[in-house]
Amino acid sequence: MAEDVRDTAMWINIPVPADDPAGSALLTQFLKENRFPFEQSRRFFSVPSREADRLEERVDLWAFRQEMPADERVHTSLDGTLRTLGEIVLLAISAAKANVAPNSMPATGIDLTRETH
C-alpha cells in the first residue's frame, strides 16, 4: 500500500491539459519513450517524485536542443513547442521539490513572522 499512496507531495504534477492535443501527444510520447511511469488526468500529467532527477535530465536533452533557423512562414515551430513544454516540466519539478522541502529550512523571501513597530 505504501506505493499506492496518492499524496500530492509524492507526485510531480505537470500542467499540460488533455485538450492541448500537440502538447499532450508530445509529452505522452516523451514519457513513454523514456519509460517514465505516469498518470494523465484532464488537467495534468503526474510523474512520481522519485523520478525528478532523471526527468529533469531527460527533459533538458529533449526540449532544449539547438534551434532550427527561424522561418517566418510558421507561427509555432516544433522547437518552440518543445522548449515551452520543457519549461513547464522544469517548473513542475521545482514546485514538487519545494513542496517536499523539510520544514526546518526557512523559505526565501519576506519574513512575515517578524514583528515591526
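**View 1. The crossing of helices H1 and H2 is right-handed (the near helix is turned clockwise from the far one by less than a right angle).** The model is predicted: local features need pLDDT of at least 70, side-chain atom pairs count only at pLDDT 80 or more, and totals for chains, interfaces and linings use all residues. Residues are numbered from 1 along each chain as its sequence is written, and side-chain values use heavy atoms, without hydrogens and water. H1 covers residues 21-33 and H2 residues 52-63; their axes lie 11 Å apart at an angle of about 125 degrees (lines fitted to C-alpha atoms over the stretch in contact; angles from 0 to 180 degrees between N-to-C directions).

**View 2. Side chains where H1 meets H2.** Leu-26, Leu-27, Phe-30 and Leu-31 of H1 meet Leu-55, Arg-58, Val-59 and Trp-62 of H2 (heavy atoms within 4.5 Å). This contact comprises seven nonpolar residues, one charged and no polar.

**View 3. Helix H3, residues 78-99.** At 1.5 Å a residue, its 22 residues should span 32 Å, which agrees with the 32 Å between its end C-alpha atoms. Its buried residues include Leu-82, Leu-85, Val-89 and Ile-93 (under 20% relative accessible area, 1.4 Å probe, protein chains only). Their cover includes strand S1 (11-14), H1 and H2.

**View 4. Arg-35 in the loop between H1 and strand S2 (39-40).** Its phi is near 55 degrees, a positive value in a residue other than glycine. Most residues other than glycine have a negative phi. Arg-35 counts as exposed because its relative accessibility is 69% (the cut-off is over 50%).

Notes:
Helices (H or I, at least four residues) and strands (E, at least two) are DSSP runs, numbered from the N terminus. Ala, Val, Leu, Ile, Met, Phe, Trp, Tyr, Cys and Pro count as nonpolar, Asp, Glu, Lys and Arg as charged, and the others, Gly among them, as polar. The expected span of a helix is 1.5 Å times one less than its number of residues.
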